[in-house]
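Welcome! Take a look at the sequence and the structure, and then read on.

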Amino acid sequence: MDRLWKNGPHFAQSEHFKVSTDSVLLGDFVNIGSRARGIDLGCGSGLLPLLLLWRSERLHMTGLEIDPEAAATARRNIESNALSQRCDIVPGDIKNCRELFKSGEFELVVSNPPYFSAGSGGVPSDEKRAAARGEVLCSLEDVCRAAAYLCRTGGVFCLVHRAERLADVVCTLRGVGFEPKRLRTVSHSAGKDPALILVEARRGGAPGMRIMPPLFIRGDDGGETAEILRIYHREAEA
């Protein structure tokens with residue numbers, strides 16, 4: 001078990017759910033504010049709940065994960081950081097969330113969902129990696145429908161996805177009662193097409209979306225940008 005950064009939280013990765021740039025960026029993008037109850041749909045090894053709990057002392061997180069090995073690793077990660085009183089890891093299927101939770105139980109819903117639609121060719125051959133990367137066990141619509149059930153009116157759903165699926169994300173969110181309110185694109189560097197999108201949507205929100213400045217991973221010199229160094233707590237290394 002290693003620390004995510006110097007004096008940061010302890011974290012052990014499971015074989016198929018490792019520290020990923022998209023989850024780290026989403027953990028920074030989320031505006032926690034005064035929200036007290038959140039849930040991560042498909043929490044993997046528990047990285048995103050851990051990052052959010054580290055940012056807010058008043059937040060209580062729940063992690064929902066269908067893979068037993070990943071859920072066990074997530075539980076160990078939470079316990080190793082003495083956060084068990086503020087985080088529950090629940091084994092279960094996103095599609096069965098109505099059997100596990102009450103409607104509107106959370107103010108904040110987050111997810112780093114599978115990116116590749118069925119038949120897209122982007123799904124790995126390994127079964128567990130396929131479930132994590134492709135819409136094998138759940139689709140984008142399944143995740144958004146679960147978020148709509150779990151999120152109270154006025155609450156927010158934050159997710160990361162592939163930039164090429166922006167239209168799918170926006171249309172699906174609106175179809176289940178969310179209004180996209182913030183959007184940020186992520187590119188490797190200036191001049192490169194966006195690879196990822198970070199989206200915040202409000203349950204029952206009014207139309208109107210803020211397009212934030214793009215996030216670049218690398219600067220003109222090829223090194224990590226100041227913002228990436230901040231997000232990864234590596235400012236002292238610069």
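Predicted model: local features only at pLDDT ≥ 70, side-chain atom pairs only at ≥ 80, totals over all residues.

Leaving aside residues up to four places away in sequence, Leu26 touches Leu48, Ser111, Asn112, Cys158, Leu159, Val160 and Leu198. Leu26 also belongs to the largest nonpolar core, which has 39 residues.

**The nonpolar cores**

- Within the largest core, the residues that touch the most other members are Leu25, Leu26, Val30, Leu52 and Val110.
- Several elements give two or more residues to this core: the helices H1 (21-29), H2 (47-55), H3 (68-80) and H8 (226-231), together with the strands S5 (87-91), S6 (106-111), S7 and S9.
- The element that gives the most to this core is H2, with 6 residues.
- There is also a second, separate core of 29 residues, and its members include Leu41, Cys97, Phe101 and Cys138.

**The chain as a whole**

- You can count 8 helices and 11 strands in the protein chain.
- Of the 238 residues in the chain, 50% are buried.
- Among contacts with a separation of 6 or more, 71% are between residues 24 or more positions apart.
- The accessible surface of the chain comes to about 11,300 Å², and carbon and sulfur atoms account for 48% of that surface.

**Helix H2**

- In H2, 7 of the 9 residues are buried, so this helix is largely enclosed by the rest of the structure.
- The buried residues here are Leu47, Leu48, Pro49, Leu50, Leu51, Leu52 and Leu53.

- Which residues of helix H7 (residues 166-175) are buried? They are Val169, Thr172 and Leu173.
- These three cover an arc of only 100° around the axis, which puts them on the same side of H7.
- The face turned away from that buried side carries the exposed residues Ala167, Cys171 and Gly175.
- The buried residues of H7 pack against helix H6 (140-150) and against three strands, S7 (151-162), S8 (178-187) and S9 (196-203).
- After H7 comes Gly177, which has a positive phi, near 100°.

**Strand S9 and its partners**

- Since 6 of the 8 residues of S9 are buried, this strand is largely enclosed by the rest of the structure.
- S9 pairs with S7 in the antiparallel sense over 7 bridges, and Glu200 in S9 is the bridge partner of Cys158.
- S8 and S9 also run antiparallel, joined by 8 bridges, and here Pro180 stands opposite Ala201 in S9.

- Strand S4 (residues 60-65) has 6 of its 6 residues buried, so it is largely enclosed by the rest of the structure.
- In a regular strand, side chains alternate between the two faces of the sheet.
- In S4, His60, Thr62 and Leu64 point one way, while Met61, Gly63 and Glu65 point the other way, and all are buried.
- S4 runs parallel to strand S3 (residues 37-41), and 5 bridges join the two.
- Along this pairing, Asp40 stands opposite Gly63 in S4.

**A loop glycine**

- Gly104 sits in the loop between helix H4 (97-100) and S6.
- Its relative accessibility is 27%, so Gly104 counts as partly exposed.
- Apart from residues up to four places away in sequence, Gly104 touches Tyr149, Leu150, Cys151 and Arg152.
- Gly104 and Arg203 are 99 residues apart along the chain, and 9.9 Å separates their C-alpha atoms.

**The cysteines**

- How many disulfides does a search of the whole structure find? The search finds 0.
- For Cys43, the closest cysteine sulfur is in Cys87, at 7.4 Å, which is too far for a bond.
- Is Cys43 buried or exposed? With a relative accessible area of 6%, Cys43 is buried.

Definitions and conventions:
Residues numbered from 1 in each chain as written. Heavy atoms only, no water. Buried < 20%, exposed > 50% of the residue type's maximum accessible area, 1.4 Å probe, protein only. Helix = DSSP H or I, 4+ residues; strand = E, 2+ residues; numbered from the N terminus. Arc of directions from axis to C-beta. Contact = heavy atoms within 4.5 Å. Areas by Shrake-Rupley, 256 points an atom, 1.4 Å probe, with all protein chains shown as cover. Pairing = 2+ DSSP bridges. Core = buried A, V, L, I, M, F, W, Y, C linked by side-chain atoms within 4.5 Å. Disulfide = S-S within 2.5 Å.
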